Amino acid sequence: MAWRLRLAPEKTNINFFKAQWLTFGGSAALMVLSIVAWAVMGLNYGIDFKGGTTMRTESTVAIDTGVYRAALEGLGLGDIAVSEVFDPAFGADQHVASIRISAEEGDQLTEAQLDAVRGALVAMEPGLKVISTETVGPKVSGELVTSSLLAVAVTSLGILAYIWMRFEWQFAVGGVVALLHDVIITVGIFAVFQIKFDLTIVAALLTTLGYSINDTVVVFDRLRENLIKYKQMPLRDVMNLSVNETLGRTLATAMTTLLAVGSMLVFGGDVIRGFSFAIFMGIILGTYSSVYVAKNLVLFIGLDRSEKPKGGKGSDHEFANIDA
């Protein structure tokens with residue numbers, strides 16, 4: 001007989017509405033607090049959003065990003081990000097590094113500061129060459145902030161339209177508010193703890209949107225099937241049944257993903273730590289919102305059960321039946 005690890009019993013009967021004043025109400029309160037923290041404390045924008053200078057260096061010695069940062073930290077230049085660039089235009093024995101620097105207040109580096117950077121790099125590695133220097137002003141950085149917000153907004157609207165066409169408009173509203181819940185609280189955490197916020201974090205937030213809506217769709221699909229199956233059962237009970245039936249699958253997906261992202265967070269180093277942390281928080285919040293936020297909003301809005309739900313039993317039946 002095959003043995004399978006289960007993160008939840010095969011049959012559960014949890015009342016997910018029992019403490020909704022704490023679960024759903026707490027989520028609403030956290031969203032408000034996150035928006036306040038974002039507005040009052042602001043985000044600790046990285047070089048991508050503040051502007052600064054990017055240098056490319058070439059060396060025959062393998063690049064150690066920690067050594068590069070240590071060589072430049074004593075210059076009082078503010079944020080420094082170092083990464084290795086794999087460029088086929090250079091030979092196999094050549095190592096190219098990208099060094100991004102912002103001044104303390106986000107202004108452009110002066111020529112004296114650039115000379116100091118070059119001197120520190122050459123002192124660290126005499127054979128090193130600075131092959132290019134580019135400056136990004138605050139205007140371009142401001143456009144990146146606008147573009148990032150627009151990307152999140154367009155993604156959310158696209159998901160709203162997708163869920164609306166696939167289910168009902170009530171499901172679409174519940175799903176998108178659950179997504180905004182995940183993004184807003186994650187951004188609020190970054191504001192409170194002043195964790196560096198750059199373009200990689202925006203990528204992590206967009207990744208979180210995709211993960212969270214996938215989890216929510218599985219719950220919604222089972223709910224749609226059960227609405228057809230149990231026509232006389234109260235809507236609240238049908239929702240509880242649907243979440244209980246998909247709970248094993250939800251927990252298994254969340255735990256396996258958290259194991260992978262947690263490894264990146266612990267062992268990935270400083271370069272991807274912020275990215276990993278954003279996805280890690282997004283997975284936790286996305287799992288929570290699929291269970292406690294999305295369906296609560298659908299229940300609050302209400303459903304017309306006199307009509308057959310869109311889609312019915314079919315396209316996603318096998319996918320929704322996957323459990324742990």
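**Close-up 1. Salt-bridge network of E111, D115 and R118.** Salt bridges, each defined as a side-chain nitrogen of Lys or Arg within 4 Å of a carboxyl oxygen of Asp or Glu, link E111, D115 and R118 in a network. The model is predicted, with local features requiring pLDDT of at least 70 and side-chain atom pairs counting only at pLDDT 80 or more, while totals for chains, interfaces and linings use all residues. Residues are numbered from 1 along each chain as its sequence is written, and side-chain values use heavy atoms, with hydrogens and water left out. Between E111 and R118, the closest N and O atoms are 3.6 Å apart. R118 is partly exposed at 25% relative accessibility, where buried means under 20% relative accessible area, exposed over 50% and partly exposed in between, computed with a 1.4 Å probe on protein chains only.

**Close-up 2. Salt bridge between E225 and R222.** The closest N and O atoms of this salt bridge between E225 and R222 are 3.8 Å apart. Both residues, E225 and R222, belong to helix α7 (residues 199–229), where they are three residues apart, about one turn of the helix; helices are DSSP runs of H or I with at least four residues, numbered from the N terminus. E225 is buried, its relative accessible area being 9%, and R222 is buried at 6%.

**Close-up 3. Salt bridge between R222 and E245.** R222 also pairs with E245 in a salt bridge whose closest N and O atoms are 3.0 Å apart. Because R222 lies in helix α7 and E245 in helix α8 (residues 235–267), the pair ties together parts that are 23 residues apart in sequence. E245 is partly exposed, with 31% relative accessible area. The structure holds six salt bridges.

Key:
Helices (H or I, at least four residues) and strands (E, at least two) are DSSP runs, numbered from the N terminus.
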